[in-house]
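Please look over the model shown here before reading the briefing that follows.

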Amino acid sequence: MNVTHSKAKAIELNCSSAIDRRESQEVNSNLVQFKLKDRGNGAKNPVTARDNVSPNNHKLEFDRHSINLNSPLNSVSEKPSSLTEYTVTVLLVDDQEMIGEAVRRMLASEKDIVFHYCSDPAKAINKALEVKPTVILQDLVMPEIDGLQLLRFFRANSVTRDIPMIVLSSKEEAELKAQAFSLGANDYLVKLPDRVELIARIRYHSKAYMTLVERNLAYKTMQDYLVKLEVEQKKSQELLLNILPEAIAEKLKKEQGIIADEFAAVSVMFADIVGFTQLSASIQPKQLVHLLNDIFSKFDYLAERHGLEKIKTIGDSYMVVAGLPEPKPDHASAIAEMALDMQEVIATYRENAGLSLSIRIGIHSGPVVAGIIGTKKFIYDLWGDTVNTASRMESHGIPDGIQISEATYLLIQDDYEFDKRGFINIKGKGQMAAFLLKGRHEIEF
């Protein structure tokens with residue numbers, strides 16, 4: 001039957017407006033014939049779902065089978081089918097209440113089946129959302145809406161989309177079957193079907209639906225787990241990269257044991273905050289740690305901006321290197337820029353916070369060996385004479401001075417301003433030429 005515009009609109013809006021129920025119904029003789037036999041006088045009367053069952057032995061006979069209307073509705077049934085170990089919830093949508101009553105009685109003795117009935121197709125989707133069926137039986141011929149259109153609405157709703165649909169029709173029609181299946185019907189039955197067959201099909205489709213629900217739930221659980229795992233892996237990766245250079249972190253994942261690489265040309269810097277020891281005696285420890293963290297965080301930002309690799313902090317000393325783990329041709333210039341910016345950071349603290357702080361910096365360029373040793377609490381570190389010399393440049397330097405070795409000076413002498421400090425006695429090294437980096441060359445136009 002054709003769907004009226006108002007009914008189709010009502011269904012499409014989740015059946016917000018109900019169809020007025022007809023005061024009386026006529027049963028189409030080509031659908032099913034009901035015969036009520038009274039053993040006492042053989043009288044015949046029409047039966048509806050609202051009729052009370054008389055105590056007499058009435059039998060509702062169909063063309064293909066019969067149902068005893070006097071059997072107790074909650075009688076103990078045979079052991080439920082092994083196809084299901086859960087409750088089967090059936091929703092029947094049919095405008096003929098006699099069909100609803102007949103199907104209810106077919107299923108009444110099945111302990112694992114819960115039956116729900118909806119005679120108003122305009123309320124069918126809301127009813128399904130309420131009872132959450134595992135299978136839906138739906139008539140294809142209803143006076144106020146086309147059953148195929150209702151099937152479309154069920155399949156368009158995200159909640160009812162996957163629920164198995166068994167469509168009921170008055171006769172076998174190949175074209176109607178094809179339409180129903182093309183719209184998403186799972187099965188097709190001529191009503192009223194044999195009770196045993198109906199129950200078997202209900203249980204079969206319910207089991208398939210519950211398997212689908214369980215599979216989807218398992219898949220969603222797995223996806224949620226994978227998302228959480230990805231988040232945790234990302235956190236772990238970020239934590240690892242906060243400790244080690246990315247190239248070394250990847251290498252550590254693949255290799256075990258000592259990781260050591262030689263680099264022929266790098267520049268190493270040591271920086272020490274002068275006056276920090278005296279400051280620690282005048283402020284609270286927690287405040288001191290916050291101050292140091294703030295300063296070193298700004299240094300970390302500068303190291304990242306200039307493409308340098310922070311190695312470690314020791315107390316109030318900061319160590320950084322340019323030219324590894326990836327070679328950097330302008331390593332000396334990069335570390336000189338870092339040193340000048342660090343001076344500006346400390347000068348800002350001294351001016352804004354009124355703190356008596358200064359910084360002493362030492363730089364040297366040359367070959368090093370870099371890598372990881374040990375098996376616990378990994379740290380990427382440097383070894384070699386270049387490291388020792390850079391440390392001596394810092395310890396023999398002057399507050400607010402950037403002292404560099406001759407090796408570094410020769411690499412950047414054309415781009416910066418210097419003061420020659422001359423030769424200084426370096427512990428363990430003897431006399432070494434040293435220079436004080438003062439600033440960048442001013443560009444003249």
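How much accessible surface does the protein chain have, and what percentage of that surface belongs to carbon and sulfur atoms? In this predicted model, the accessible surface of the protein chain comes to about 24800 Å², and 51% of that area belongs to carbon and sulfur atoms. The protein chain has 445 residues, of which 44% are buried, and its secondary structure consists of 12 helices and 18 strands.

**The chain as a whole**

- A search of the whole structure finds 25 salt bridges, some of which are described under their own heading below.

- Strand 6 (residues 135-139) runs parallel to strand 9 and is joined to it by four bridges, with Ile136 standing opposite Met165.
- Strand 10 (residues 187-190) also runs parallel to strand 9 and is joined to it by four bridges, and here Ser169 stands opposite Val190.
- Together with helix 5 (residues 174-182), strand 9 and strand 10 make a β-α-β unit that is right-handed.

**Salt bridges**

- Lys191 forms a salt bridge with Asp94, in which the closest N and O atoms are 2.9 Å apart.
- This pair links distant parts of the chain, 97 residues apart, with Lys191 in the loop between strand 10 and helix 6 and Asp94 in the loop between strand 4 and helix 2; both Lys191 and Asp94 are buried.
- Arg360 forms a salt bridge with Glu394, with the closest N and O atoms 3.0 Å apart.
- Here too, distant parts of the chain are linked, since Arg360 is in strand 14 (residues 358-372) and Glu394 is in helix 11 (residues 385-395), 34 residues apart; both Arg360 and Glu394 are buried.
- Glu172 forms a salt bridge with Lys177, in which the closest N and O atoms are 2.5 Å apart.
- Glu172 counts as exposed because its relative accessible area is 54%, a value over the 50% cut-off, whereas Lys177, with a relative accessible area of 23%, is partly exposed.
- Glu110, Asp112, Arg195 and Arg203 are linked in a network of salt bridges.

**A patch on the surface and a residue inside**

- Tyr219, Met222, Tyr225, Leu226 and Leu229 make a nonpolar surface patch of about 500 Å².
- One of these residues, Leu226, lies in helix 6 (residues 195-243), and Leu226 counts as partly exposed because its relative accessibility is 38%, which falls between the cut-offs of 20% and 50%.
- Met142, placed in strand 7 (residues 141-142), is buried because its relative accessible area is 2%, a value under the 20% cut-off.
- Although Met142 and Gln96 are 46 residues apart in sequence, their C-alpha atoms are 8.5 Å apart in space.

Definitions and conventions: Residues numbered from 1 in each chain as written. Predicted model: local features only at pLDDT ≥ 70, side-chain atom pairs only at ≥ 80, totals over all residues. Heavy atoms only, no water. Helix = DSSP H or I, 4+ residues; strand = E, 2+ residues; numbered from the N terminus. Buried < 20%, exposed > 50% of the residue type's maximum accessible area, 1.4 Å probe, protein only. Patch = residues over 30% accessible without salt bridge, like charges linked within 9 Å, V, L, I, M, F, W, Y side chains within 5 Å. Areas by Shrake-Rupley, 256 points an atom, 1.4 Å probe, with all protein chains shown as cover. Salt bridge = Lys/Arg side-chain N within 4 Å of Asp/Glu carboxyl O. Pairing = 2+ DSSP bridges. Right-handed = clockwise from strand over helix to strand, strands pointing away.
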